[in-house]
Amino acid sequence: MDGRRFSVALRAGCAGVMALASFLDLAGSALAHDVAQGDRGFLALTHGIQPGPFAYLGAKHMVTGTDHLLFLVGVVFFLFRWRQVALYVSLFALGHSATLILGVLLALPVDPRAVDAIIALSIVYKALDNLDAFARWFGWRPDPRLMVLGFGLCHGLGLATKLQDLGLARDGLVVNLVAFNLGVEAGQLMALGAIVLVMSWWRRSPRFPRQALVANVALMTAGLVLFGQQIAGLIAGGAA
């Protein structure tokens, strides 16, 4: 990708994402790595082993988690083979599952806003990677497999911080967490199927190369908006 095409894509993308940025700003924490208020009440009052409801809530979180979905879009954007898709999604799922379960069981003391800021940066990273920015700027590209695994750890830890706040009952906790995580992965597969189908159709368009540049600039901007929200929350929390 030459500098002129990148410049054109940057201007077009910035103009095209103004409405998206406004939407993200208005949506606030609803688009972050969070648990809906009604679901919070259910989880906080739940006792004993209840894998069904926890699996449902895990799937619901995944298909409504904008940060997850944006990152997945970036990951599969230029993956053309199902074997590649399966590899990267498996790495993401491995990281996500490990920190989701261990983060709650071990009550890891991390700041939710800081983790969510890193999650937002994962979206920025993948957009820049898709734009070949690292190779152009530094002559070196981070291994995308390791990066996806690493950011998967961050995504799982982000949800773990939210679940920690709920004071979940210890009775049946391990089984419920595993069920919740299985629901998250099931929701991820459903979302991924829709994303890949749309991408497959889009790639057949002769305009895809140019539109892909604009789309990744938009993806990067969305990640920066989410990052700004979390940093603003960190600053406000520290000043309170």
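Colleague: What makes Lys126, Asp129 and Arg141 a network of salt bridges?

Modeller: In this predicted model, Asp129 is paired with Lys126, the closest N and O atoms being 2.7 Å apart. Arg141 also forms a salt bridge with Asp129, again with closest N and O atoms 2.7 Å apart. The cut-off is within 4 Å, so Lys126, Asp129 and Arg141 are linked.

Colleague: How do you know whether Lys126 is buried or exposed?

Modeller: Its relative accessible area is 4%, and buried means under 20%, so Lys126 is buried. Asp129, at 6%, counts as buried too. Arg141 has 45%, which falls between 20% and the 50% limit for exposed, so Arg141 is partly exposed.

Colleague: Why are helix 5 and helix 9 called roughly antiparallel?

Modeller: Helix 5 (residues 66–76) and helix 9 (residues 144–164) pack at about 175 degrees, with their axes 12 Å apart. Angles over 145 degrees count as roughly antiparallel, and therefore this pair does. Helix 5 makes the contact with Asp67, His68, Phe71 and Val75, and helix 9 with Val148, Phe151 and His155. By class, that is four nonpolar, two polar and one charged residues.

Colleague: How do you know that the span of helix 6 agrees with expectation?

Modeller: At 1.5 Å a residue, its 24 residues (82–105) should span 34 Å, and the end C-alpha atoms are 34 Å apart, so the two agree. Just after helix 6, Ala107 takes a positive phi of about 50 degrees.

Note on methods. Residues numbered from 1 in each chain as written. Predicted model: local features only at pLDDT ≥ 70, side-chain atom pairs only at ≥ 80, totals over all residues. Heavy atoms only, no water. Helix = DSSP H or I, 4+ residues; strand = E, 2+ residues; numbered from the N terminus. Expected span 1.5 Å × (residues − 1). Axes fitted to C-alpha atoms, helices over the stretch in contact; angles between N-to-C directions. Parallel < 35°, antiparallel > 145°, perpendicular 65-115°, else oblique. Contact = heavy atoms within 4.5 Å. Nonpolar A, V, L, I, M, F, W, Y, C, P; charged D, E, K, R; others polar. Salt bridge = Lys/Arg side-chain N within 4 Å of Asp/Glu carboxyl O. Buried < 20%, exposed > 50% of the residue type's maximum accessible area, 1.4 Å probe, protein only.
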